[in-house]
Amino acid sequence: MDKASYHHDLKNKWKMFMHHGWASEGSVNSATLRSWQKCLKHCDPRRWKTPVKASGQTLQMIFSRNAEFIRVAQRVVEDTFTLVAGNDIALVVLDPHGWALHVQSSDKLAAQLQHLGVGAGMSWAEEEIGTNVYSLCRDTHLYTCLEGAEHFSESLHAFSMSAAPVIDYCGNIHGYIICIVKASSDAHLLHLCHACAVEVTNYIYIESEQKITNKVLCQHNAVIECMDDGFICWDAHSVITMVNPQAQLLLNVKKESLIGQNIRHEFVFPPALNDAISQRTKLPQKQIVIECRGEFIELMVTLRPLSDGSFLLFLHPLDKIRKIAQQQISTNANFTFDSLHVISKGMKQVLNVARRAIKTASPILINGEDGVGKLTMAMAIHNESEQRDGPFISVDCQMLSPENMLHELLGSDAGPVPSKFELAQNGTLYLDKVEYLSCEIQSVLLKVLKTGLVMRSDSHRLIPVRFRLVTCAGSSLRDYVQQGAFSRQLYYEISMNEIEIPPLRKRREDLEYMINEILEKYRDRTGKALVISPEANTVFLEYFWPGNISEFKNRMEKIFMGCGKMMLELEDIPLDIRQNNNCSEGDVSHLVSLAEVEMQAIEHVCRVCDWNLSKAAEVLKIGRTTLWRKLKSYNLYPGTLSDE
């Protein structure tokens, strides 16, 4: 059957359906027939009704919503139209809802389509223009073609149309491409819509992948720019392929001058790193010194061999690592000279001495009984000094076991574990009960103070350090020096600025202020308007407070909590405080036996001498056998004894 006969036959079937409302089975495509049946309810097949056309804000909203699709589809349609120039053809781009987004047409066909109202913003809904390729393609998501009388509206019988959906690789429908030709034209032109749809789909995929790639690349670059670590990457031929800005700063060299160079020509690595490279093994967080163009640089590195034969060397900045460690171990120094609330003349003189001391870089030694506030004074010195922005590292030397003291203070390259001196860099190192330092550590501390260099316990590397040293002793260091238990040279070094904090019993004005302050805080916290009677207040002022400030705060809190009245009177005060109010300053506030004093002295001297019995016996001025006998009688058994 030729083309003319085919269209004539279609016309007869269409007339038959429009006249009788039915068509013989198989004479018309089932999908087309169902569409005809629906269109009978709301369309007049012989009278063309101008279709609905969006305009104004509605049209702008449609264009805005489909801006990316319009940009891609319009480019493809225009390129395709150029290839078929000279043919009467029109290409229409629709959004998923059937709104026309773009129309490209030959001049002859444009006039006819314009007469029908076909243009941008037109609705291709079946209810508006009857059976058309968009409505059938929307239902099937397949390439669809209608010729001549297959259209419900007689006004469209002069055209043949095809439609293809634009579906991306995720199954999302972006729109449709419609091809319109004269019914008598070459039918092969109808396939152009399918080719356009495929090309648009490919462009959408390519641009989507480009966006994802650019997004990942931007994130990759942002990570490289923001990471604290530097890194160097070289390929299987030892050629440097990548250097990030942080590595450039750490190595003090332009990254452009490194890229493309042989890693072996630019750097000299230590044996540990060379072995890991040759064996292609991971090397996690190894502190090393590398040579870069004649300059030696201390770094912590992590080596990662990659599957393609290349290597990635991460450079971890030591200053950032030390800062993290400082934050973890540093004590919050919350006190200043103003927050100490000094009233007494004696303490005001102490603060004047402290203010003069912090103007020098020399160490400061704080003396005083237990509980007088030596740690508080050290914090105030830190906050008033030039080191206030640095860390405040506090070490209780009495808590360090003799066998681990060296490792605890000097750190180790294994791990690595920085020394306490490194952690206190540009800050303050506070050594509490410094008399408990072993002889070996005393010697090390003296060298650090004189040279400004420290070596870790298992290393020979000299590490420069800069910090302020503040020390305190639980008892007179001079006595230890005279006994030979403490280095005379170290004592002279750390006592260049010496501060003596008087006990609380010698600071009656401060004690009176502290009583009022702690009572006021108790009132604010509990809401109880507690008052101290004059007699009870006199007892508090005349008590010796052997534990000083620590005892004062603890016992006063308990006394307040145990008072169920609004007035704290004499009978509310513990008996031991009342009985001590007539003691003279020379009396012993806490009585202990002679044996207990002897046991404490022996244990302390043995600890300081690292349990070297010969040296301890010499300090105690007793025989070694006598010392051994006393150790057994007091059940003092060290982990390791030295006979030397």
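Which side chains meet in a salt bridge at 2.8 Å, N to O? They belong to R456 and E422, where a salt bridge means a side-chain nitrogen of Lys or Arg within 4 Å of a carboxyl oxygen of Asp or Glu. The model is predicted, so to speak of local features takes pLDDT of at least 70 and side-chain atom pairs count only at pLDDT 80 or more, while totals for chains, interfaces and linings use all residues. Residues are numbered from 1 along each chain as its sequence is written, and side-chain values use heavy atoms, with hydrogens and water left out.

R456 sits in the loop between β15 (453-454) and β16 (463-464), and E422 in helix α17 (residues 420-423), so the pair links parts of the chain 34 residues apart; helices (H or I, at least four residues) and strands (E, at least two) are DSSP runs, numbered from the N terminus. Both R456 and E422 are buried, meaning under 20% relative accessible area, with exposed over 50% and partly exposed in between (1.4 Å probe, protein chains only).The whole structure holds 25 salt bridges. Another of them joins R478 and E498 (3.5 Å, N to O). R478 lies in helix α19 (residues 477-483) and E498 in strand β18 (residues 497-500), so this pair ties together parts 20 residues apart in sequence. R478 is partly exposed at 44% relative accessible area, and E498 is partly exposed at 27%.

A search of the whole structure turns up zero disulfides, a disulfide being a pair of cysteine sulfur atoms within 2.5 Å. For C43, the nearest cysteine sulfur is that of C39, 5.0 Å away.
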